[in-house]
Amino acid sequence: VSWDMAQEYLKKLNAKSGQQYRLLSEAEWEYAARAGTTTPFHTGKTITPEQANFDGNYTYSGSAKGVYRAKTVKVRSFDANAFGLYDMNGNVWEWVQDVWHDDYTGAPTDGTAWEAGGDSSRRVLRGGSWIIIPGYLRSADRFRYSPVIRVNAFGFRIARTFSL
């Protein structure tokens, strides 16, 4: 799925539902993935192929090698994090709303998407995927890609905006 395709889906969903759905901001995504932790993964200092879908031929920080499934797996194949969210790490990279910036200097401090400045020809992906080594699944890791390109290791997660 490309970022542009995700945006088109959201337009249709919003029109059909009368609700306001959107991609998460990069800050929201990391908060959700960490689920109250300060470690590289919500699972702790390591992550294994029994906890997420990635290339299990590789290890991180002393973890054991495991299976490499070489494809996406069914949602909820692994335990949820402490916030009850599934598949925040691995399976597919997840598009977020933000434009790519090399670092967080000048980023919004309220959790909103950072869409001004930066490299508007690239959008941000988080979470790693089935085809990648475990270091890229870290909650803090980020990746950039063209918003018009579809890749079978890219997906998205949506949030609903509520009005008070």
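Reader: Why is S63 called buried?

Author: In this predicted model, S63 has a relative accessibility of 10%. Buried means under 20%, so S63 counts as buried.

Reader: Where does S63 lie?

Author: S63 is in the loop between helix 2 (26-34) and strand 2 (93-100).

Reader: What makes the pair of Y60 and S63 a polar contact?

Author: A polar atom of the S63 side chain lies 2.9 Å from the backbone nitrogen of Y60. The cut-off for such a pair is within 3.5 Å, so the distance of 2.9 Å meets it.

Reader: Which residues does S63 touch, not counting those up to four places away in sequence?

Author: With that limit, S63 touches T46, I47 and T48. To touch here means to have heavy atoms within 4.5 Å.

Reader: What is the phi of D87, and in which loop does D87 lie?

Author: D87 has a positive phi of about 60 degrees, although D87 is not a glycine. D87 lies in the loop between helix 2 and strand 2.

Reader: Why does D87 count as buried?

Author: D87 has 12% relative accessibility. Buried means under 20%, so D87 counts as buried.

Key. Residues are numbered from 1 along each chain as its sequence is written. This is a predicted model: local features need pLDDT of at least 70, side-chain atom pairs count only at pLDDT 80 or more; totals for chains, interfaces and linings use all residues. Side-chain values use heavy atoms; hydrogens and water are left out. Helices (H or I, at least four residues) and strands (E, at least two) are DSSP runs, numbered from the N terminus. Buried means under 20% relative accessible area, exposed over 50%, partly exposed in between (1.4 Å probe, protein chains only). A polar contact is a pair of N or O atoms within 3.5 Å; within protein, one must be able to donate a hydrogen and the other to accept it, and residues adjacent in sequence count only if both atoms are side-chain atoms.
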